[in-house]
Amino acid sequence: MILPIVVFLVALGAGLHWERRGLRWIVVVAIVVAPLRGGLLALADDAGLPDSGLAINALVPALVAALAVGVYLKLRPRLADLPKLLLVGWGLIALVAVVNLPVQDVGLKLYGVGLAQYLVYPTLAIAAWPLYQEGDLRKLSRLFIAMGLVVAATVLMQAAGVHGFIQAASAQIEGFAANRYAGVTGSYLHTSAFLGVISVLVMGELLKLQALRDRAIGTALLAMVLSGQILTFSRSGIVIALIGVCALLLLDARGRRIAFLSMVIPAAAVALIVGTIGGVAPGAAGDRVTSGFDPSGDEGNSLRSEAFGEGIDRFRDNTVVHQAFGEGLGSTGNARKLVNGEVFAVESYYLKLLVETGVFGVILIGGFLVWAAYTFARVLWLRRKPWIASVAAAGLGLSLYNAIYPALETQILALVWWLMLAICLRSEAEGDAAAVEEGAGSVAQDGSGHDRVLVSP
């Protein structure tokens with residue numbers, strides 16, 4: 001575990017030395033490192049790094065810890081300067097964790113890993129808040145897009161036969177109609193959902209493009225992301241992308257629907273061609289998506305139903321105390337891999353909450369997640385800036401995905417989800433502040449009956 005400690009110390013030193021500039025770069029590095037987990041694990045295994053799984057997965061938490069300490073020491077933000085709703089979410093999770101600690105039976109090491117899964121990414125969203133400057137929110141969205149392009153490129157490389165940097169991601173899966181390519185994340189599901197989010201963000205950028213050259217470049221970039229998505233042979237990202245397309249078409253492409261579709265449709269066509277070359281025929285891809293709506297005729301859905309049932313049975317068989325407050329953070333999912341335990345997978349983040357944190361945790365944390373989904377929907381409905389709408393649409397799609405997959409357990413998906421929530425809340429706050437300034441500049445009458453202009457200080 002020496003590597004995460006070194007990363008923490010180096011990042012903290014940079015933040016303290018270069019202050020705001022250094023702290024902002026910590027946020028960038030965390031976003032860059034998170035999608036590269038599979039490749040970093042492959043390198044760590046090749047180098048014989050002890051406890052490589054735990055060490056690599058601890059890199060982003062180490063960066064976030066350095067960011068939080070650095071922001072506190074250098075900026076000393078007041079609670080009033082931080083996003084209240086994100087603080088509420090952080091506080092609810094922390095409260096559930098504190099209540100869960102005395103009743104957990106997973107052991108302190110696994111509990112600690114689980115605690116990091118729950119709290120690292122809301123901490124990142126809150127700690128980054130005081131660092132934002134004008135224009136940073138869009139830069140953040142575009143950084144996500146850049147990393148999505150990197151991931152998509154690695155998927156295409158793997159499909160082309162270059163896979164030495166991929167973590168145990170064999171493309172040949174028994175029982176599937178096509179090969180599956182994970183790229184540098186090391187997980188088909190993680191890559192699929194992540195690229196689904198990125199495709200929606202790219203679509204938001206397309207809505208503002210006017211020049212033919214810019215539209216051609218935008219179409220090519222979207223085609224690259226969708227090609228990577230198709231080659232994962234997973235439904236999740238495609239569904240998230242479809243939610244984004246429909247939302248943007250209905251709400252934000254008014255007057256530009258034909259231009260928007262003239263970029264999206266060719267990009268999708270190119271992705272289908274690339275998928276065919278990579279072994280994912282259009283028919284197989286279509287069947288894969290539509291089979292998601294067939295509860296009994298799809299093997300994946302059958303396995304998911306079994307996992308749902310096993311999770312419910314596990315909750316039902318627990319003691320009354322564990323039913324109320326959970327059997328322990330990290331007791332389900334891949335966290336057990338990091339402490340050499342047997343993995344118990346659940347196919348829903350809400351079911352994960354039920355088993356790990358009990359009814360108490362589902363009410364508090366689950367309630368916050370429902371509110372967050374509502375926030376994404378509200379911003380999507382009210383905002384007319386296409387790139388903000390695309391962030392909200394992507395966040396809404398990922399929030400809905402939580403119902404059938406523990407998305408926020410995944411490092412890259414949790415990181416993106418929390419920062420997208422922060423972007424939406426910040427955009428609302430900035431919009432409200434602009435409205436107040438505009439109102440403060442309205443014309444009123446002074447005591448002498450003459451018109452005067454009220455200007456905010």
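Reader: What makes the residues of the lining of the largest cavity count as nonpolar, polar or charged?
Author: In this predicted model, in which local features need pLDDT of at least 70, side-chain atom pairs count only at pLDDT 80 or more, and totals for chains, interfaces and linings use all residues, the sorting goes by residue type: Ala, Val, Leu, Ile, Met, Phe, Trp, Tyr, Cys and Pro count as nonpolar, Asp, Glu, Lys and Arg as charged, and the others, Gly among them, as polar. The lining consists of I93, Q117, Y118, Y121, Y349, I365, F368, L369, L408, A414 and W418, and it divides into 10 nonpolar, one polar and no charged. Residues are numbered from 1 along each chain as its sequence is written, and side-chain values use heavy atoms, with hydrogens and water left out.

Reader: Why is this space called a cavity?
Author: The name applies because, on a 1 Å grid over the protein atoms alone, a 1.4 Å probe fits at its points but cannot get out, and a residue belongs to the lining if it has an atom within 4 Å of a point. Its volume is about 70 Å³, where a volume is the space filled by probe spheres set on the points, which are joined across faces, edges and corners. The count of cavities of 30 Å³ or more comes to two.

Reader: Which helix gives the most to that lining?
Author: Helix α15 does, with four residues, while α6 (108-128), α15 (349-382) and α17 each supply at least two; helices here are DSSP runs (H or I, at least four residues), numbered from the N terminus.

Reader: What makes a set of residues a nonpolar core?
Author: Its members must be buried Ala, Val, Leu, Ile, Met, Phe, Trp, Tyr and Cys residues joined through side-chain atoms within 4.5 Å, and buried means under 20% relative accessible area (1.4 Å probe, protein chains only). The largest such core has 127 residues, with F144, L415 and W417 having the most contacts inside it, and helix α17 (residues 411-440) gives the most to it, with 14 residues. A second, separate core of six residues includes F315, F344, L351 and L354.

Reader: How do you know which parts should not be read in detail?
Author: The guide is pLDDT, the predictor's confidence in each residue, from 0 to 100; its mean over the protein chain is 87, and 85% of the residues reach 70 or more. Over residues 172-177, however, the pLDDT is below 50, and over residues 442-457 it is also below 50. Where pLDDT is low, the predicted coordinates should not be read in detail.

Conventions:
Buried < 20%, exposed > 50% of the residue type's maximum accessible area, 1.4 Å probe, protein only. 1 Å grid on protein atoms, 1.4 Å probe; cavity = no way out; pocket = protein on both sides within 12 Å on 5 of 7 lines; lining within 4 Å. Contact = heavy atoms within 4.5 Å.
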